[in-house]
Every structure is written in C-alpha cells, then in structure tokens.
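Please examine the sequence and the structure shown below. The paragraphs that follow lead through selected parts of the model in turn.

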Amino acid sequence: MQQKLYMLCVEDEADVLDVVVRELSVLEDVFPIETAGSADEAREALKRIEADGDALGLIFCDHMMPGENGVELLVWMQSQPQWKPSRKVLLTGQAGLDATVKAVNEAGLSHYIAKPWDQDELVRVAREQLSRYVAERKLNPLPYLKHLVMDIVGDTLRASSASDT
Amino acid sequence: MSAAFPTLSTSEALALLVERAHAMGLAPLSYRAGQTILSEGEINSSLYILLEGTAQLLKQTPDGRGTPVDLLGPGSLLGILSFWTGSPSFSDSVAASDLKLLVLDMKNFERGVAEDPAFARVTQQLLVANLSDRYRRVVGLNLKVAGLTKELENERNALREAVDDLQRTRNKLIHQEKLATMGQLLAGIAHEINNPSSALMKNVEHLTRELPALFAGTPEQAEMLEEGMRAPYLSSGEARDRLNALQKQYPELSRSLCRRLSRLPDSAMKGLSRTLNVRNETKAETLLRVFEVGTALQSIRIAEARMTRLVKSLKSYSRQEENEDQSVRLDDCIRDTLTVMNHRLKFYDLQLDLAELPKVSCRPGEINQILTNLLSNACEATPKGKTITVRTGAGDRDVWLEVEDRGHGIPEDLMEAIFRPNVTTKRGAGDFGLGLGLAISRDLALKHQGRLTARNVPEGGAVFRLSLPA
C-alpha cells in the first residue's frame, strides 16, 4: 500500500486545535491529519505513524504548552533521523525572540505563522512545505499531485528526469 | 660620650653659641618679617641657626605657589641638608617674624668645631635636637595622615550608603511608576476590548435564539443543531479512539469525514448512522454541517465567556487608582489575579484551598499587586508541572492568604533579608529584576496594618503569608 504522508497538528487549546484541523482538512483527502494536545501526545502520534510504516511530511506546532514546549519538541525531532526531514512550522502567538532563534537554529524551522492566522495562508504554507518535503525526499509526486505546488515539485521532476537520461 | 656633657636648655645653648661666635668674630644677622633667607633649589653653603623669632618653610607646588610645610622657632637649623650634602636647597625659608640668625659657612663651622670644644658641644647638641625633633614630627605626621585617611574612608562609606539609598529609592519610584502605568494600560485595554466583546456576546445570543427557530421546519436538522450547541469537548485521546472506531466501521468514508463524525455524541450519531447506512451521503453531509454550525456557535460562546471573564478581571485587577478602602472578599482578588496570570500559571499544578472568609476592608488593587508578586515568585521558584498552592483562612483577628511553592525554599539566613530592597535570590533577571517585589509587597501589607511573612515547609519550598486585620 502507498506510504501515507501525514500532517501533525500540536496545540494545547482544544478549540484552537479544532479550527486548525478544520481549515487544513481541505488537504486531508491526500495528506491525513494527526492531532496532539501536548508534546507527549505528539510523540505517541509519531510512534503510531512510524509503526504503520508511514511518514510525517509536516508538523504545525504551538510553542507555549504545559509540559514540554513546542520548540523543545521540534529540536528533539531534529535530532531523530526519521523526523529530521519533516517540515516544521511554528504556529504561535507567544514565541519570544529567544525561542524563535532556537527554533530556527536548532530545530531547522521551515516557517513561522503568527496567531491569529489566515486560512488561505495556513493552507498555502502547508501545500508549499509538503511540496518541499516531496521534492527533497525525491518521492514520486504523483499520488500527492493534487495539492502540490508545481513550481516546487516541477523543478525536482525535471532534475530527476534529466539525471535519468 | 654625650652623657659626659650636661645638656643645656635651648636658650642656654643659644646664648653660649652667640658668645662663642662672638669670640670668633661672628655677629648674628637680622631679617625683617617676610624676607627670604633661602630659596628652594638654591645652592647653599651655610648653616643658619635661628636665635630669635620664627621662620616659615615653604615647598613650591606645580601651580607656582608655596605651600607652608613647617614653622620653626629658636634653636632650629635652616639649610642643614644643603649645607652638608651640597644638594640644592629643599624648600624656601622665609622670615615669619622679625628674626635673628647666626650664619656659619663651612670654613667658620669647621674652625669652631676644631678649635673650641664649647662651640663643638653646643652645635652638636643643636644638631641632635633638630634631627630628633624632625623625626618626632615625621612620626606625628604619619599618625595624622593615618587618622585623616580613616576619616576620609568613613566619609566615603557614608557617601556611598547615601548614594545606594538614593538609588534604591529611585528604583522603587520607577517600579511604582511602572506599575501605575501598567495599571492604566490594563484598564485601557480592558475598556477597548469590552465594547467589541459585548457586541460579540449580544450577537451570539441573537444567533443562539434565532438559529433553532430557523431550523424548526426540519426537525432532524434542528435536533442536530441543538446537539452541536451542547456537544461535549473530547480529549484528543478520546477523539482518536472514536476516529479509529469510525474508520473501521465505515472503511469507505474518508478520514476527514470520519474525523468530523467523531465529534458527534452517541445520541446524534444514532440519527446520522441511519442516513449513512442507507448511503444517503448528501443528507448525512448536510446534517453534519448543521451539527458543526452548532459546535461553532458553542465554541464562540465559550471563547466569548472567557473573554468577558478576562475583561472583568482586568478591570477589577487594575483598580489601582482607587485609593479608598473597600469592603471586598479576598476570593475575588484571588480570582481576578489568577485569571490575569493564567498564561503563566497554566504550566503548574495549581491547588486552591479557599476558606469561607468574611469581607475585609482593603484596597483591592494593592492586594492584587501583592498576590501577583507572590504568584510570580512562586512560578519562578517552582519547576514546571509541580504544585503551587493558594490557601486562605481566618484567625481570631485576621484573615490570611498563603502562596506555597515547590522551589528550594529560602536560605534561613535570608528569611528577613528577602523583604529588603535589592535583595534577590533569583539567578536570572525576572520581569523587573530589581529585587523590589517583596519589599514593595511588604510596604503595601504594612499600609493595610497587615503582615507579610515567609517560612519554609518540610516538603521543600516556601510559604508566603499575607495577613490582614479582620
């Protein structure tokens, strides 16, 4: 069976998490969504994804959460070979400069979205980052093509076909 | 050897000297007050013996003025150093009064010493007396310098303390000003949010009334709307279990549809599964959308209630400009402060142990300020996830509230010091980082005729207790 490419949303406030998921669900026919209310739950979700032989394309993560904070989670993921390639987005209104610098330098942060966000922007960022994941991992883009950004995956397609000849 | 000669008094010695000099054909010289005897730097080949009057020694300073260094009386020798060593004269010698001097050049001096034992004896006595006198004065001067240095040190310390004191007062004023400004800002923000928040609330109430009426024609939809408006929130674990169960039950449905269905309570699911089982997906979709309108409305209502509570707390929290005493319940102060500080407190296990308390007369803004400081300290001391306890109680003559943290406690030797300005046990800089929080809090407690005290608990951590007269 085709390997599934997940999006993971981590947010401690249930009603905010609900809205993020609702807005991203326009992509869910291709990219299934996992949710977590804390960093610990996020690790469990990652374990499940790994156990099913699937992959994580993208994580949207809040910063200020009880327990381990979002940036710490992202830094940890960066140290794990299987989660290092996943695209990492902070979706937060509360990360200070220090936390953001740490996220960029140590967690390989791909993008930062400030709350309150705009649905179009959220979906655009998700498509863009998932496209970059597909391109960087040199995955076959066809199963995901519906929601990919052609400018990003097109280049990789051309490059890979050029190296074939 | 000197013991062989009887020691003469200064006047006897000078009289003898004048007599022996006279025998050698030498007469004393007279100087008028102000006349210069020797100039600093001059090459001098005579010894001047002061017979009458006083002479002033002056040392040249870089600005060209002479600083008086010594005042000499009869029996003193001038020009000793330059006479014997040949080095330039060490200082100016000026007649301080009209005076008489006996001037001996090297030739006369050597002749007198060689030929007249009385002359030799008297000049020797004068020399020894001059040298020992100078030595005594050096010792005396050193003692004086030491005394002055000590005095200077004391003055410097006093000055330093005064500056520190001023600095503390200044910091305190800045801090108070900052808090007052913050209070005004908070009140302003609360007011600004209040209007849109009220509009939001009124409109939600309107929708909550109108929507069910609009759906009244389609009872199935009206029921789903009601279900949505009161659907309980699911924890993410529960939601996932339901999602997995639904995906097994309806493998043909998409994951996102199953996720939406997982929000349905069992009662609502019953109605919808009938439609799903007969594959009427359009109708199922419509019912699901109506349900979601209901949950959205519920979400808005919950968020709005949270906002209203926050605004109310902000308003009463920042009543710092009201300086009169009011009769309030400590519980209200605690509730307001906890709401305002929720963003920090949510990282801890907050335990409330609140007793039924009589109202107390106080300035709530100031009590909130104390409570904020105590809670903020507790947050900094306590590891995340550990317990912070807020407790209240009443004694015979007082009501009290306590904030207990799970930090390292307070070193016993600092138990009182922490209430003094600029004493902090925090390593990093806090919000203000001036070590003023507890000092100001205690001041505020005293203004209320209350007390603010600290103690450690055996479990580790500290308890701060504010008690107010009942």
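In this predicted model, the contact between the two chains draws 12 residues from chain A and 11 residues from chain B. On the side of chain B that touches chain A, at least two residues each come from helix 7 (255-262) and helix 9 (281-317) of chain B. Helix 9 of chain B gives the most to this side, supplying 3 residues. Sorted by class, the side of chain B that touches chain A consists of 5 polar, 4 nonpolar and 2 charged residues.

Within chain B, a contact between two helices may be considered next. The axes of helix 1 (residues 10-23) of chain B and helix 4 (residues 117-214) of chain B approach to within 10 Å and cross at roughly 140°. The crossing of helix 1 of chain B past helix 4 of chain B is left-handed. Helix 1 of chain B makes the contact through Ala13(B), Leu16(B), Leu17(B) and Arg20(B), while helix 4 of chain B contributes Ala118(B), Phe119(B), Val122(B), Gln125(B) and Leu126(B). By class, the residues in this contact of helix 1 of chain B with helix 4 of chain B are 7 nonpolar, 1 polar and 1 charged.

Strand 4 (residues 55-60) of chain B and strand 5 (residues 66-72) of chain B run antiparallel and are joined by 6 bridges. These two strands form a hairpin with 5 residues between them, and in the turn Gly64(B) has a positive phi of about 90°. Gln60(B) has Gly66(B), in strand 5 of chain B, as its bridge partner.

Chain B also contains an open sheet of 5 strands, arranged in the order 10-12-13-15-14 with mixed pairing. Strand 10 (349-353) and strand 14 (451-456) of chain B lie at the edges; each has a single partner strand, so one side of each is left without a neighbour in the sheet. On average, and with direction ignored, neighbouring strands of this sheet are turned by 15° against each other. One of the residues bridged here is Asn456(B), whose partner in strand 15 of chain B is Ala462(B).

Methods: Residues numbered from 1 in each chain as written. Chains lettered and ligands numbered in written order. Predicted model: local features only at pLDDT ≥ 70, side-chain atom pairs only at ≥ 80, totals over all residues. Axes fitted to C-alpha atoms, helices over the stretch in contact; angles between N-to-C directions. Helix = DSSP H or I, 4+ residues; strand = E, 2+ residues; numbered from the N terminus. Left-handed = near helix turned anticlockwise from the far one by under 90°. Contact = placed C-beta atoms within 7 Å. Nonpolar A, V, L, I, M, F, W, Y, C, P; charged D, E, K, R; others polar. Pairing = 2+ DSSP bridges.
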